[in-house]
Amino acid sequence: MLIPHPAILGRLVEEYEALMAHKGDVPDAGRRRELRVQDLAYTLCVSTGTREVGQALARARDMLAAAREPASVA
């Protein structure tokens with residue numbers, strides 16, 4: 001499996017969570033927002049090798065945490 005760049009993965013997670021946090025704030029943007037949420041969910045699933053957005057978010061957070069840890073020297 002290809003591993004997404006942490007900066008890209010982080011932006012995907014941030015945008016998805018921001019859109020979900022502001023659900024219904026702008027009534028006119030509902031359909032456009034819903035399409036973007038679906039696109040982000042799909043991209044997160046593909047990027048993390050999962051099939052459900054909840055799993056994708058959890059896996060993305062794990063991947064981002066691992067990317068922040070310094071590499072151990074063996």
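Guide: Happy to. Keep in mind that this is a predicted model.

Visitor: Which residue does E15 meet in a salt bridge?

Guide: That would be R36, with an N to O distance of 2.8 Å between the side chains.

Visitor: What network are E15 and R36 linked in?

Guide: A network of salt bridges that also includes D39.

Visitor: Nice. How many salt bridges does a search of the whole structure find?

Guide: The search finds four. One of them joins E17 and R61, whose closest N and O atoms are 2.2 Å apart.

Visitor: Where do E17 and R61 lie?

Guide: E17 is in helix α1 and R61 is in helix α3, which covers residues 53-68. The two are 44 residues apart, and the pair links distant parts of the chain.

Visitor: What about the accessibility of E17? And of R61?

Guide: E17 has a relative accessible area of 32%, which makes it partly exposed. R61 is also partly exposed, at 39%.

Visitor: OK, then which residue does E34 pair with in a salt bridge?

Guide: E34 pairs with R33, and their side chains are 3.8 Å apart, N to O. E34 is partly exposed with a relative accessible area of 30%. R33, on the other hand, is at 14% relative accessibility, so R33 counts as buried, the cut-off being under 20%.

Visitor: Changing topic: where does H5 lie?

Guide: H5 is in the segment before α1. At 52% relative accessibility, H5 counts as exposed.

Visitor: Which backbone nitrogen lies 3.0 Å from a polar atom of the H5 side chain?

Guide: The backbone nitrogen of A7.

Visitor: One last thing: how far apart are H5 and L64, in sequence and in space?

Guide: In sequence they are separated by 59 residues, and in space by 9.1 Å, taken from C-alpha to C-alpha.

Methods:
Residues are numbered from 1 along each chain as its sequence is written. This is a predicted model: local features need pLDDT of at least 70, side-chain atom pairs count only at pLDDT 80 or more; totals for chains, interfaces and linings use all residues. Side-chain values use heavy atoms; hydrogens and water are left out. Helices (H or I, at least four residues) and strands (E, at least two) are DSSP runs, numbered from the N terminus. Buried means under 20% relative accessible area, exposed over 50%, partly exposed in between (1.4 Å probe, protein chains only). A polar contact is a pair of N or O atoms within 3.5 Å; within protein, one must be able to donate a hydrogen and the other to accept it, and residues adjacent in sequence count only if both atoms are side-chain atoms.
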